[in-house]
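Subject: Structure for your review

Dear colleague,

Please find below the sequence and structure that I am handing over to you. My findings follow directly after them.

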Amino acid sequence: MAAYVHMSFLSNYTVLPRFKGVDDVLALDVSSNEPLFGTAFHSFRVINTYSTNTADHRVHSVLPELLFPVVGFPLLVVGDLNIHNPLSDPLRHFSQREILSSIPYFEKAAESGFALLNPPGEYTRFPLVGGARPSVLDLAFANPALFPLVKNWEASLPSTGSDHIPITITLAAPSLKQKPPRPRWADTDWETLDPIVKGFKVPAARSCSTPPQLGQWMSESLNRLVALLKEHTPVSRLSHRSKPWWTPHLSILCREYHKAARTARKQDNQHMREVAGTSKAGYFKAIKAAKNKHWLSILMTATPQSLWTAKRFAYGRA
Amino acid sequence: MNDVLLEHFFPPKKPFSPPPRLRLNKSAPPLRTDEIASALAKCSPTSAPGPDGIPYCTWTQGNKINPSILLHILPPLVLLGYHPASLKSSNSVVLDKPGKPSYESPSSFRIIVLIRTISKILERIIAARLLAAARLRALLHPNQYGSLPGLSTYDACVTLINDVRTLQRPRLKVSSLFLDIKAGFDNVDNNTLARILREGGRPPYLVSWVSSFLGERSGTLVFQGAPETPAPVNVGAP
């Protein structure tokens with residue numbers, strides 16, 4: 001296993017390879033003096049692996065415990081894991097044996113909080129020999145510290161001649177800009193506003209003789225009026241999804257589901273309808289799981305005081 | 001991607017320089033309530049608003065309660081022939097053109113520019129005045145159908161068919177040539193437009209307002225992952 005780093009990258013970052021004492025696993029620690037991606041972390045780790053089948057079909061050459069540790073820094077796990085699972089390739093029918101050998105990896109990843117970055121069903125291996133089917137073998141997982149930094153997973157680079165396609169994973173600072181809540185103009189309380197608006201006076205613009213003066217007069221007049229209107233207009237929630245149980249992973253699934261549903265509506269063929277259906281099922285299942293997880297965390301952290309709030313959530317006010 | 005789209009849709013041009021001092025155009029007729037009401041009536045309440053987020057329905061309702069607000073806010077801009085830069089910020093929503101084989105090129109996208117609704121209301125009022133001035137001076141071509149109230153593509157087609165049949169009756173040979181100016185509104189040059197308006201004998205206050213409206217603009221591209229930073233726009237019409 002080898003890793004290539006561009007020289008220009010090394011002028012700003014330190015890259016330290018770490019070998020785990022196991023064949024076919026290479027970890028790279030990328031560090032910088034400056035905090036990375038606008039976070040408090042100064043380094044992140046990439047684990048690259050090539051996990052192959054063994055004589056015992058239930059176990060692959062690299063064990064899941066080695067790949068998905070619980071760590072407090074950003075960790076990206078990538079590699080040819082040689083496993084097949086409906087989570088990465090929802091439209092294919094797999095044998096019981098294939099599913100059984102992949103379950104320990106996906107279960108361990110979920111248990112450690114890792115999210116799968118591959119878009120479901122996007123093939124990463126195209127066999128060079130005829131007859132064999134393409135498959136999703138090259139998987140990428142991000143742990144909770146790294147997941148918000150993942151901007152894109154893309155397989156658009158030209159082929160290198162290998163049966164595996166090159167994949168680009170882009171990391172970037174997460175958008176921290178929070179938009180202010182929007183006024184719900186359709187629900188403005190015009191009844192209360194009526195006498196106020198009737199009495200609103202616009203100051204005269206007599207002294208405006210230059211463009212900046214006119215601009216300032218306009219801004220002040222408009223700001224006064226808009227502030228008045230906003231006072232009597234309710235605001236929307238920060239987001240349609242401002243729910244305590246919502247996760248960034250659900251945002252991605254939501255986007256994927258709506259994209260698939262749109263394509264299915266436009267193309268109107270059986271294949272795309274199946275993709276949309278699978279995507280929808282996965283999205284709703286993930287919502288249910290996120291709600292359950294949040295509910296459990298409420299119960300786990302409940303104090304004698306907050307227990308009554310939990311009871312109210314479960315049984316209502318009665 | 002943001003820079004490539006900006007370069008494609010809003011190529012850099014010589015920026016507009018506002019006059020150092022504003023001159024009151026005493027010849028400009030005062031703004032009337034019916035002009036404002038007529039402009040508001042043409043605005044769809046469901047149209048997407050600009051960067052300030054205020055929809056047309058808010059202005060319509062406010063104007064019903066107190067018509068003097070817009071009647072006092074808008075006239076100074078018309079009389080002084082100047083549209084402040086603060087009213088010319090816009091959101092440019094990037095939409096992909098359907099059915100393109102690749103979305104690598106900026107030409108695979110189209111842009112919808114959303115300006116502030118109050119700017120749009122005044123733009124409609126000025127457009128109505130420009131149209132009245134053009135009609136008064138008989139500047140409109142008899143075959144002009146676009147952007148005129150009461151006329152549409154249907155009228156253009158009926159006229160074309162009528163002309164063709166009239167010529168075919170005495171067994172004359174008729175040919176039609178159709179021309180399309182690609183991205184005409186996207187490449188409107190402010191100085192050229194001002195010169196054409198002046199030469200057409202439009203009132204000076206309208207010419208200076210139109211020049212000011214098209215200059216000193218700024219736009220923010222809106223698409224998933226966009227940095228959403230405003231960039232100067234000195235070409236085209238919003």
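Helices (H or I, at least four residues) and strands (E, at least two) are taken here as DSSP runs, numbered from the N terminus. The secondary structure of chain A then comes to 8 helices and 8 strands. Please note that this is a predicted model, in which local features need pLDDT of at least 70 and side-chain atom pairs count only at pLDDT 80 or more, while totals for chains, interfaces and linings use all residues. Residues are numbered from 1 along each chain as its sequence is written, and chains are lettered from A and ligands numbered from 1 in the order in which they are written.

Chain A in outline

A residue is called buried if 20 or more other C-beta atoms lie within 10 Å of its own, exposed if 12 or fewer, and partly exposed in between, with C-beta atoms placed from the backbone. Of the 318 residues of chain A, 20% count as buried. Two residues are in contact if their C-beta atoms, placed from the backbone, lie within 7 Å. Among contacts in chain A between residues at least 6 apart in sequence, 60% join residues at least 24 apart.

Asp138(A) counts as buried, because 21 C-beta neighbours lie inside 10 Å. Asp138(A) and Val78(A) are 60 residues apart in sequence, and their C-alpha atoms are 7.1 Å apart in space. Leaving aside neighbours within four places in sequence, Asp138(A) is in contact with Gly79(A), Asp80(A), Thr124(A), Arg125(A), His164(A) and Ile167(A).

The interface between the chains

In the interface, 23 residues of chain A are in contact with 23 residues of chain B. On the side of chain A that touches chain B, helix H4 (190-198) and helix H5 (211-231) of chain A each supply at least two residues. The largest share of that side, 9 residues, comes from H5(A). For residue classes, Ala, Val, Leu, Ile, Met, Phe, Trp, Tyr, Cys and Pro count as nonpolar, Asp, Glu, Lys and Arg as charged, and the others, Gly among them, as polar. By these classes, the side of chain A that touches chain B has 14 nonpolar, 6 polar and 3 charged residues.

H4(A) also meets a helix of the other chain: the axes of H4(A) and helix H3 (residues 56-65) of chain B come within 9 Å and cross at roughly 55°. H4(A) is therefore oblique to H3(B). Axes are lines fitted to C-alpha atoms, for helices over the stretch in contact, and angles run from 0 to 180 degrees between N-to-C directions. Angles under 35 degrees count as roughly parallel, over 145 as roughly antiparallel, 65 to 115 as roughly perpendicular and the rest as oblique. Trp190(A), Asp194(A), Val197(A) and Lys198(A) of H4(A) make this contact with Gln61(B), Gly62(B) and Ile65(B) of H3(B). These residues divide into 3 nonpolar, 2 polar and 2 charged.

The nonpolar cores

A nonpolar core is a set of buried Ala, Val, Leu, Ile, Met, Phe, Trp, Tyr and Cys residues joined through C-beta atoms within 7 Å. The largest has 33 residues, of which Leu214(A), Val78(B), Ile121(B), Leu122(B), Ile125(B), Trp209(B) and Val210(B) touch the most other members. Two or more residues each come from H5 of chain A and, in chain B, from helix H2 (33-41), H3, helix H4 (68-73), helix H5 (75-80), helix H6 (117-136) and helix H9 (204-214). H9(B) gives the most to this core, with 6 residues.

The axes of H6(B) and H9(B) come within 11 Å and cross at roughly 140°, and the two helices are therefore oblique to each other. Glu123(B), Ile126(B), Arg129(B), Leu130(B) and Ala133(B) in H6(B) meet Leu206(B), Trp209(B), Val210(B) and Phe213(B) in H9(B). This contact has 7 nonpolar, no polar and 2 charged residues.

Two backbone points

Asn82(A) has phi near 55°, a positive value in a residue other than glycine. Asn82(A) is found in the loop between strand S4 (75-80) and helix H3 (96-111) of chain A, and is buried, with 21 other C-beta atoms within 10 Å. Ala138(B), also not a glycine, has a positive phi of about 50°. Ala138(B) lies in the loop between H6 and helix H7 (153-168) of chain B and counts as exposed, with 8 C-beta neighbours inside 10 Å.

With kind regards
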